[in-house]
Amino acid sequence: MSKQFAARWWMPILRGVAAILFGVFSLFSPGAGLFALVVLFGAYALVDGVLSLSHAIRPAVPGAGPAWPSLVIEGVAGIIAGIATFAWPGITAVVLLFIIAAWAVVTGIAELVTAIRLRKTIRHEWLMALGGVASTVFGVLLFLYPGAGALVLVTWIAIYAILFGAILIGLGFRLRSFMRVPERHIPIGGTPTPA
């Protein structure tokens, strides 16, 4: 199961690049207005959702079935958030804020569940757990402080996206190194031996 997840090590990297691009555009064009933020977030959420869903339902290892329901939930949440922002072009700042907050909390919890599943087989799965915690905390903060100024919120969203993207890229490279390590067989009552 871990091999299936790690075989698509490039998926978290693509998701990370998309998050960083979204964050950079948001951070360096805060005066672009709400419509620009809606378009940027909608595009990012859709891309992230499709990549997560693809990672979950298309087995990378022959014979392996879809085994990552947390990634399915994460993917569906991203697609719903993206469609909601595009389907509602006159969305208000507060409604957009709550969509982003809900998406971040669902994404964070899904990342934490995936990290817990990986903890026994992949070293340094803490990167995924860290991404999950960051998303969840970010979403909760947005729910708690919806009245913060628009510029402050755009800055928070941009910084979160950049940090989350960097964590995903780090995770992708860790998964890539996991794929390069040969499997080790552990005999009953024995010590691991090289493959």
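Me: Before anything else, what counts as a nonpolar core here?
Reply: A nonpolar core is a set of buried Ala, Val, Leu, Ile, Met, Phe, Trp, Tyr and Cys residues joined through side-chain atoms within 4.5 Å. Buried means under 20% relative accessible area, exposed is over 50%, and partly exposed is in between, with a 1.4 Å probe and protein chains only.

Me: And what are the ground rules for the model?
Reply: This is a predicted model, where local features need pLDDT of at least 70, side-chain atom pairs count only at pLDDT 80 or more, and totals for chains, interfaces and linings use all residues. Residues are numbered from 1 along each chain as its sequence is written, and side-chain values use heavy atoms, with hydrogens and water left out.

Me: OK, how many residues are in the largest nonpolar core?
Reply: That core has 27 residues, and Phe-41 and Trp-103 have the most contacts inside it. Helices that each supply at least two of its residues include α3 (34-57), α5 (93-118) and α7 (150-180); helices are DSSP runs of H or I, at least four residues, numbered from the N terminus.

Me: What does Trp-103 touch?
Reply: Leaving out residues up to four places away in sequence, Trp-103 touches Phe-41, Tyr-44, Asp-48, Ala-77, Gly-78, Ala-81 and Tyr-160. Contact is heavy atoms within 4.5 Å.
Reply: There's also a second, separate core of seven residues, including Leu-118 and Ile-167.

Me: Switching topic: what is the volume of the largest cavity?
Reply: About 30 Å³, taken as the space filled by probe spheres set on grid points joined across faces, edges and corners. A cavity is a set of points on a 1 Å grid over the protein atoms alone where a 1.4 Å probe fits but cannot get out, and lining residues have an atom within 4 Å of a point.

Me: Which residues line it?
Reply: Phe-22, Phe-41, Tyr-44, Ile-100, Trp-103, Phe-138, Ile-157 and Tyr-160. By class that's eight nonpolar, no polar and no charged, with Ala, Val, Leu, Ile, Met, Phe, Trp, Tyr, Cys and Pro counted as nonpolar, Asp, Glu, Lys and Arg as charged, and the others, Gly among them, as polar.

Me: Why does Phe-173 count as partly exposed?
Reply: Because its relative accessibility is 44%.

Me: Last one: which α2 residues are buried?
Reply: Among them are Met-11, Arg-15 and Phe-22.

Notes. On a 1 Å grid over the protein atoms alone, a cavity is a set of points where a 1.4 Å probe fits but cannot get out, and a pocket is an open set with protein on both sides within 12 Å along at least five of seven lines; lining residues have an atom within 4 Å of a point.
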